[in-house]
Amino acid sequence: VAPLGRLRDAVADVAAGDLERRSDVADRPDEIGDLGRSFDAMAESLERSDAIRRRLFQDAAHELKTPLTVIDATTTAILDGVYEHDDRHLETIRSQSQLLSRIVDDLRTVSLAEAGKLPLDIVPLDAAEVVRETATAFDSAAGLADLTLTTEIAEAPLGVVADRQRLSQMLGALTDNAIRHTPRHGHVTIEASVTDGHVELAVRDDGPGIPPGDLPNVFERFYRVEAGPRQDAGTSGLGLSIVRALATAQDATMDVQNVVPHGARFVLRFQRVTV
């Protein structure tokens, strides 16, 4: 029973907060070794989750600090008589307050989706309809940015099983992201096609693309690629993280790649069904 005693000590250390602790019995070829390997896998998962939690708190604190600083500085300047008590400075306070609210709401959505606790109304639906609705909703935004927004929808049936509201939210976030990263007179295209038994919903732009070193990180919370004329205007920095979390919650996959000669293409992939 000596190996079990060592494993018991490892369990006690992890319970006390030492998440780097591992058993020293995982190399055994018997049932005790199986138990040790299971324990080590659990400890690694706990350590990884703790690291993600710590990073989330650090990132959230950093993102929340900026609008709070602007609100405090503007309010103080008004009270001290440095700024006039006018609509322009009040609008600054309101816009930063709205940004704070957006960050909090987006953090809640990401956390619920990743925990599998976000309420979803999963039903069979026609993805082509959602694509058309998204294009209509963002037509004005594209026009104001001097961009052309078009759709490319396959004639084949595009049935998927998803939450219609969340699917619309996902395509909307990707379209908004493309508009913010595409220079004037550029093009943004929302695609819907069938590939290998899956429905692919993609948003493609002809902007500067994503630096190769940034590609693995674009779905991380608060990660921003320093490119594009409007990338940080009033955004929480969580849009792509939300899209990935919602995709996972609906058994879909999320991918991104640069396109030739320039631009980026974000792809949602759902299992194709008959509607």
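## Helix α4 and its two sides

On the face of α4 turned away from its buried side sit the exposed residues Thr136 and Ala137; exposed means over 50% relative accessible area, buried under 20%, and partly exposed in between (1.4 Å probe, protein chains only). This is a predicted model, in which local features need pLDDT of at least 70 and side-chain atom pairs count only at pLDDT 80 or more, while totals for chains, interfaces and linings use all residues. Residues are numbered from 1 along each chain as its sequence is written, and side-chain values use heavy atoms, with hydrogens and water left out.

Which residues of helix α4 (residues 127–137) are buried? They are Ala127, Ala128, Val130, Val131, Thr134 and Ala135. These residues cover an arc of only 160 degrees around the axis, so they fall on the same side of α4; the arc is that of the directions from the helix axis to the C-beta atoms. An α-helix has 3.6 residues a turn, so residues three or four places apart point the same way.

At the N-terminal end, Asp126 caps α4, with a side-chain oxygen 3.1 Å from the backbone nitrogen of Ala128.

## The chain as a whole

The chain has seven helices and seven strands, taken as DSSP runs (helices H or I, at least four residues; strands E, at least two) numbered from the N terminus. Starting from the N terminus, their order is α-α-α-β-α-α-β-β-α-β-β-α-β-β.

The radius of gyration of the chain is 24 Å, whereas a compact globule of 275 residues would have one near 19 Å; the radius is taken over C-alpha atoms, and the globule rule is 2.2 Å times the number of residues to the power 0.38. The C-alpha trace spans about 75 × 65 × 35 Å along its principal axes. Of the 275 residues, 41% count as buried.

Helix α2 (residues 31–79) contains Asp50, which is buried at a relative accessible area of 18%. Its side chain makes a polar contact with the side chain of Arg54 at 2.8 Å. A polar contact is a pair of N or O atoms within 3.5 Å; within protein, one must be able to donate a hydrogen and the other to accept it, and residues adjacent in sequence count only if both atoms are side-chain atoms.

## An aromatic pair

Phe219 and Phe266 form an edge-to-face aromatic pair, 6.1 Å centre to centre with 90 degrees between the planes. Phe219 lies in the loop between β5 (198–205) and α7 (239–249) and Phe266 in strand β7 (residues 264–271), so the pair ties together parts 47 residues apart in sequence. Rings of Phe, Tyr and Trp (its six-membered ring) pair if their centres lie within 6.5 Å; planes under 30 degrees apart count as stacked, over 60 as edge-to-face and the rest as tilted. Phe219 is buried, at 9% relative accessible area, and Phe266 is buried too, at 4%.
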